[in-house]
Amino acid sequence: MTLTRRKFNLLGGATALSLGLSASAPALLARARPKAVVIGGGAGGATAARYIAKDSGGAIQVTLIEPTRRYYTCFFSNLYLGGFRSFQSLGHGYETLATRYGVNIVHDWATAIDRDRREVILGSGVRLAYDRLIVAPGIELQFDSVPGYSLTAASLMPHAWKSGTQAQLLKARVHAMKAGGTFVMIPPPAPYRCPPGPYERVSMIAHLFKRQNPDAKIIVLDPKPGFSKQALFMEGWEKHYPGMIEWIPPDVHGGVTRVDPESMTIETDLDSFNADAACIIPAQKAGAIARTAGLTDASGWCPVEPATMQSRLDENIHVIGDASIAAAMPKSAFAANSQAKSAAMAVRKALIGARAYPARYVNTCWSLIAPDDGVKVGARYRPGAGRFEVMSKFISKPGETQAMRRQTYQESLAWYASITKDIFG
Amino acid sequence: MRALGEYLSGECLTCHQTSGDNPAIPAISGWDPWLFEVAMEAYRTRERDHAAMQTIAQGLSRKEVQALALYFASLAPPEAESHAQ
């Protein structure tokens, strides 16, 4: 089937028409539809596939490449950790994208992109031709950014910064921690996926300890001098978990010099910490396929045109989500979903001449500090000259009423239901 | 107008479902267009309190709000859709 398609591609749609195949070969003509291929079935990629398919009414052939058959969202995995969600509730399948929207789901790894021939090379060896490619690979963890940390060490000190079993592993280790033990968290340096995520995670672990292990301590060895929603988290930690969490900025600990997963020790310039459980979130960069395809710059992330999310290094490729450089937009599922719609529109315009409107971007990040104590931060953006411009923004305020915080949490639950439907159909 | 409304609706649908019911973020499908416009105007002028909705409303022109109002009015309200299924 692949050979047939490739052979046909060589002819091109216009040639096929001039050969007079139109009346006798509708099946062949169907294959002449322009091809959009999406690498990565997360918040960005699956949204892009769905919107291209939905809004082109079958005029574009859409293929989504995603190795996992069931996708477990990273967003809301902290709520699973805190006991507010089941693991199953984080899982989503691709059936609706296939059956309702006609997206061809290919469960395989994209191992390379032949940009000259416009083909994606899969782990199986198959070459998949595209007219436009959307690259949404998420992040790759830089294990060696924390001396002593490694992929292997992640079994003893989970990062849990990619969805799935790492979150389960971390939860098991938190639950198994000895009474009065010490949990150490090392958040990542910027830029990274989900800016408030490490601090929501600290909150959720503190929530568990408060109920099950009230003498436990949490030490946060941060490589950054400040963090997202800091005033809100600090206020919440003081209110709900007094004396439990110690956040130590880099000018105090002087930097993490080594972690030893076997002895569970973490050394800094200041001191050596013995952890009974730990979460190490290393530095990050764009998913590996983006780098091997030459779509990253010296920063390790992918420069894009804000109006279309097109790669600055290849006009036939759009990079969306965490892998893209979209500052001031944070690396979040909401942002990826928003960018996907802009990219989908640009792809439809390029491939079938669909009408395009100016791109609009929006983001909101909710975090849960304690039961019914939700906070949020958000903004609206527009594409500017080479950058994303903040049009307006908002953030929860310290000292808000309990009713307001409860409402914010309830809103986040409704958002999860909506965005996962918007992503996966 | 419908194409504009459909495009702009992408921004709404990240949070507002076209089916199902969740009072924390209500469904907006099948609304009377006039009601839709009044609600958005109240957010734009900050007479109605919700930081995220105020931010969204202030980013939309009158014409864009009308396009959205017409588009969502054309969709079946959630109850009708769930009966159909």
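## A tour of chains A and B

Start with both chains: 28 residues of chain A are in contact with 25 residues of chain B, contact being heavy atoms within 4.5 Å. The model is predicted: local features need pLDDT of at least 70 and side-chain atom pairs count only at pLDDT 80 or more, while totals for chains, interfaces and linings use all residues. Residues are numbered from 1 along each chain as its sequence is written, chains are lettered from A and ligands numbered from 1 in the order in which they are written, and side-chain values use heavy atoms, with hydrogens and water left out.

**Stop 1: the interface**

Keep both chains in view. About 2200 Å² is buried between chain A and chain B, and carbon and sulfur atoms give 55% of that area. Buried area is the accessible area (1.4 Å probe) that two parts lose on being put together, summed over both. Now select Tyr357(A), Arg360(A) and Arg380(A). These residues supply 28% of the area that chain A buries against chain B, more than any other three residues.

The rule asks for a side-chain nitrogen of Lys or Arg within 4 Å of a carboxyl oxygen of Asp or Glu. It finds 2 salt bridges across the interface of chain A and chain B.

Polar contacts come next. The interface of chain A and chain B has 14 residue pairs in polar contact, both residues at pLDDT 80 or more. Such a contact is a pair of N or O atoms within 3.5 Å; within protein, one must be able to donate a hydrogen and the other to accept it, and residues adjacent in sequence count only if both atoms are side-chain atoms.

Colour chain A by element. Helices (H or I, at least four residues) and strands (E, at least two) are DSSP runs, numbered from the N terminus. On the side of chain A that touches chain B, at least two residues each come from helix H4 (43–56), helix H12 (333–352), strand S23 (361–370), strand S24 (373–383), strand S25 (388–395) and helix H13 (402–424). H13(A) gives the most, with 11 residues. By class, this side of chain A has 14 nonpolar, 5 polar and 9 charged residues. Ala, Val, Leu, Ile, Met, Phe, Trp, Tyr, Cys and Pro count as nonpolar, Asp, Glu, Lys and Arg as charged, and the others, Gly among them, as polar.

**Stop 2: H12(A) against H13(A)**

Select these two helices. They pack at an angle of about 35°, with their axes 11 Å apart. Axes are lines fitted to C-alpha atoms, for helices over the stretch in contact, and angles run from 0 to 180 degrees between N-to-C directions. Show the side chains: Ala333(A), Phe334(A), Asn337(A) and Lys341(A) in H12(A) meet Trp415(A), Ile419(A), Asp422(A) and Ile423(A) in H13(A). The contact divides into 5 nonpolar, 1 polar and 2 charged residues.

**Stop 3: H7(A) against H8(A)**

Move to helix H7 (residues 165–175) and helix H8 (residues 197–212) of chain A, whose axes lie 11 Å apart at an angle of about 35°. Among the residues of H7(A) that meet H8(A) are Leu170(A) and Val174(A). This contact has 5 nonpolar, 2 polar and 1 charged residues.

**Stop 4: backbone details**

Select Ala190(A) and Pro191(A). A cis peptide bond joins them, with omega about -5°. Pro191(A) sits in the loop between strand S11 (182–186) and H8 of chain A.

Next, go to Ala327(A) and Ala328(A). Their peptide bond is cis, with omega near 20°. Ala328(A) lies in the loop between strand S22 (324–325) and H12 of chain A.

Then pick Met264(A). Its phi is positive, about 55°, although Met264(A) is not a glycine.
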